Every structure is written in C-alpha cells, then in structure tokens.
Amino acid sequence: MSNLGTLLVVVAALLLGAAALSLAGRWWIERQVPAIGHFIEVDGIRLHYVEAGSGPTLVLLHGASSNLRDLATSLLPELAADFRVIAFDRPGYGYSERPAGDEWPDPARIAQLVLDASARLGADRPVLVGHSWAGAVVMAALVEMPERLRGGVLLGGVAGHWAGPVDWTYAVGGLPVVGPVFAYTTVFPAGMMLMEPTVQRVVAPSAVPPGYISNIGARLALRPRSFLRNVQDMNRLSEYLQALSPRYDTIPLPLLLVHGEADELVPFWNHGRRLLPVVSRVQPVMIPGAGHALHHTHTDAVAEAIRGFARAE
C-alpha cells in the first residue's frame with residue numbers, strides 16, 4: 001500500500017472512531033440529562049414542556065444551544081409563585097421534535113407552534129418571554145400575531161441583524177459535508193473539554209454559578225443533530241431579522257427589554273437600543289453588572305422586572 005493509501009486508511013479509522021465516540025456520547029448525555037417534563041403534539045410535532053404555578057400565563061423560551069432546563073432552573077420557580085409558567089424546548093432542542101430535512105422552523109413558525117401548544121393547555125394570550133435567540137420568536141409573534149399575546153419580554157433577546165458568522169464553529173458547521181463530519185466526529189469530545197470556558201463566556205462578568213452546567217443540561221447541545229440544528233438556526237437568523245425589523249413600528253403591544261449592562265454576546269446597542277424609538281410601548285430595564293446569563297446570575301432582579309410587567313398587562 002502506498003503512503004497515501006496508508007494515510008487515507010488511518011484518517012478513515014480516526015474518523016470512524018471519533019464518530020463512534022460521539023454516538024456513544026449522545027447515548028451517555030441523554031441518560032445523564034433526561035426529559036423532565038411532559039409532551040404535547042401540535043401539527044404532528046411533539047414538544048417537550050414543563051409548567052408550574054397558576055394565574056395569568058407566562059411562556060418561556062430558551063436561547064441558542066440550550067433547552068428548557070435553562071429557564072426551568074432559574075426563572076420558572078421564581079415566577080410560578082404569581083403566574084402559571086410554561087417553558088418549552090424549541091423544536092429540535094432538548095427533547096422537542098423537529099421535522100426532518102432542511103425545513104427551517106423560522107421564528108414565526110416557532111411562535112405559532114408554541115402558542116398553539118399553550119392554547120391546547122388552556123393558556124390563551126400569554127406573555128411571551130424569549131432569552132437570546134428566542135428574542136426573535138417574541139419579535140416575530142408581536143409583529144405577525146399580536147392578537148395571540150398580552151405582551152412580550154426580551155431577556156437579553158436577539159432583535160437586530162448583524163454581519164458575518166457569530167463564531168467559527170457556525171462557519172464550519174454550515175459547510176456542506178464538512179459540517180456534518182465536524183458535528184459527528186469533533187463536537188462531542190471538543191465540547192466536553194471546552195465546556196467550562198464556553199459557559200464562562202455566557203455568564204461573564206459573573207463567575208459560573210455552582211452546578212450551572214448540570215442544572216441547565218448544557219451537554220445536550222453536544223449531540224450532533226442538536227449542534228447542526230443550532231448552526232442552521234444561527235446562520236439564518238440575521239437575514240430573517242433584517243426582513244422582519246422594518247415592521248417593528250407596527251407592534252401594538254407592550255414590550256419589556258430586560259438586558260444585562262455587561263452583555264457582550266448580545267449587546268444592547270444592537271438588540272435593544274435600536275428598538276426604543278421604533279416600538280411605541282417599549283420598556284427597557286438594564287441590570288447593572290449582568291451579562292448574557294442574567295436570569296441565573298441576577299435572578300431576583302430579572303424576575304421582579306418580569307413580574308411587574310406581567311401584572312400590569
């Protein structure tokens with residue numbers, strides 16, 4: 001066998017070994033971080049959700065690379081004392097299904113699914129709360145279907161568009177052939193090694209809270225399909241928001257912006273300040289010293305802001 005042939009065999013063996021490790025890793029992750037809620041089927045899509053409390057309804061949606069545990073272990077217990085609170089896994093995340101193929105459930109489609117599921121659960125016209133990526137779902141709902149809401153809350157939420165990829169992993173993950181190979185061979189082992197510094201960026205400038213990685217089920221994002229869905233969602237979001245944002249001035253409902261002053265991942269100047277002269281009933285609340293995971297590091301302040309807003313509406 002030639003040197004080139006030997007090299008190809010070695011590379012193939014390494015890739016197969018890495019793929020086997022990733023598949024085993026997915027099995028291990030799902031046993032370490034199982035589903036914790038209930039399931040409801042809407043339009044043939046099975047959604048995973050948790051709920052607590054009674055009263056007017058708040059619906060909570062998580063951000064990128066995340067799942068409902070992110071909100072179920074932070075805001076949900078605080079808000080359930082005064083409201084009925086329902087947190088969903090977005091389609092393709094946690095344990096919610098996502099249609100096969102290249103169909104992208106854009107933010108308006110996600111809003112429709114979640115509001116249909118909420119209505120099936122007896123919760124009409126909730127206040128919709130979206131963290132990070134899910135801020136786009138809130139904005140889409142406020143523009144496209146305001147009659148189905150009482151109001152919206154952006155929690156460090158994405159509302160503006162931007163240029164270029166968010167991170168090199170999204171650029172690589174979005175490549176044909178290379179992206180899936182990367183997802184099925186590299187994401188799990190590399191993600192396990194880099195989990196601590198990755199979550200530190202999210203909670204900065206605060207320290208990572210004790211048990212944070214386990215509490216939010218962060219390792220679910222290392223499953224190959226979860227990674228690829230997140231890449232697809234992130235890579236298409238800016239273009240979607242560029243088309244949606246000219247209609248923000250039509251929003252008739254109240255909108256609360258809760259944002260960390262030190263959030264560098266979703267900076268307020270692009271995703272909050274630009275809304276102030278455009279949305280007629282917008283209310284900004286800035287949390288001093290808080291970064292992107294403000295609902296974990298400044299839970300009381302965030303819950304109080306949402307509580308006051310939801311009571312008024």
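Let's start with Asp 124, which sits in the loop between H4 and strand E5 (127-131). Helices (H or I, at least four residues) and strands (E, at least two) are DSSP runs, numbered from the N terminus. The model is predicted, with local features needing pLDDT of at least 70 and side-chain atom pairs counting only at pLDDT 80 or more, while totals for chains, interfaces and linings use all residues. Residues are numbered from 1 along each chain as its sequence is written, and side-chain values use heavy atoms, leaving out hydrogens and water.

- Asp 124 is exposed, with a relative accessible area of 58%. Here buried means under 20% relative accessible area, exposed means over 50%, and partly exposed is in between (1.4 Å probe, protein chains only).
- Val 42 is 82 residues away from Asp 124 along the chain, and their C-alpha atoms are separated by 15 Å.
- Arg 125 is in the loop between H4 and E5 too, and it's partly exposed at a relative accessible area of 42%.
- The phi of Arg 125 is near 50°, a positive value in a residue other than glycine.

**Other backbone features to look up**

- Most residues other than glycine have a negative phi, and most peptide bonds are trans.
- Val 177 has a positive phi, near 65°, and isn't a glycine.
- You'll find Val 177 in the loop between helix H6 (168-173) and H7, where Val 177 is exposed with a relative accessible area of 63%.
- Ala 204 and Pro 205 are joined by a cis peptide bond, with omega about 10°.
- Pro 205 belongs to the loop between helix H8 (187-203) and helix H9 (212-215).

**How H4 packs on H5**

- Two packed helices are described by the angle between their axes and the distance between the axes.
- Helix H4 (residues 107-120) and helix H5 (residues 135-144) cross at roughly 80°, and their axes come within 8 Å. Axes are lines fitted to C-alpha atoms, for helices over the stretch in contact, and angles run from 0 to 180 degrees between N-to-C directions.
- H4 and H5 are therefore roughly perpendicular to each other. The cut-offs go like this: under 35 degrees is roughly parallel, over 145 roughly antiparallel, 65 to 115 roughly perpendicular and the rest oblique.
- On the H4 side, Pro 107, Ala 108, Ile 110 and Ala 111 meet Ala 136, Val 137, Ala 140, Ala 141 and Glu 144 in H5. Contact means heavy atoms within 4.5 Å.

**How H7 packs on H10**

- Helix H7 (residues 178-185) and helix H10 (residues 224-244) have axes 8 Å apart and pack at an angle of about 140°.
- That angle makes H7 oblique to H10.
- From H7, Gly 179, Pro 180, Phe 182, Ala 183 and Tyr 184 meet Pro 224, Arg 225, Phe 227 and Leu 228 in H10.

**Aromatic pairs**

- The whole structure has three aromatic pairs. Rings of Phe, Tyr and Trp (its six-membered ring) pair if their centres lie within 6.5 Å; planes under 30 degrees apart are stacked, over 60 edge-to-face and the rest tilted.
- The ring centres of Tyr 49 and Phe 88 are 5.9 Å apart and the planes are at 40°, so this pair is tilted.
- Tyr 49 is in strand E2 (residues 45-52) and Phe 88 in strand E4 (residues 84-88), so the pair ties together parts that are 39 residues apart in sequence.
- Tyr 49 is buried, with a relative accessible area of 7%, and Phe 88 is buried at 1%.
- Ring pairs also link Trp 168, Phe 182 and Phe 227 into a cluster.
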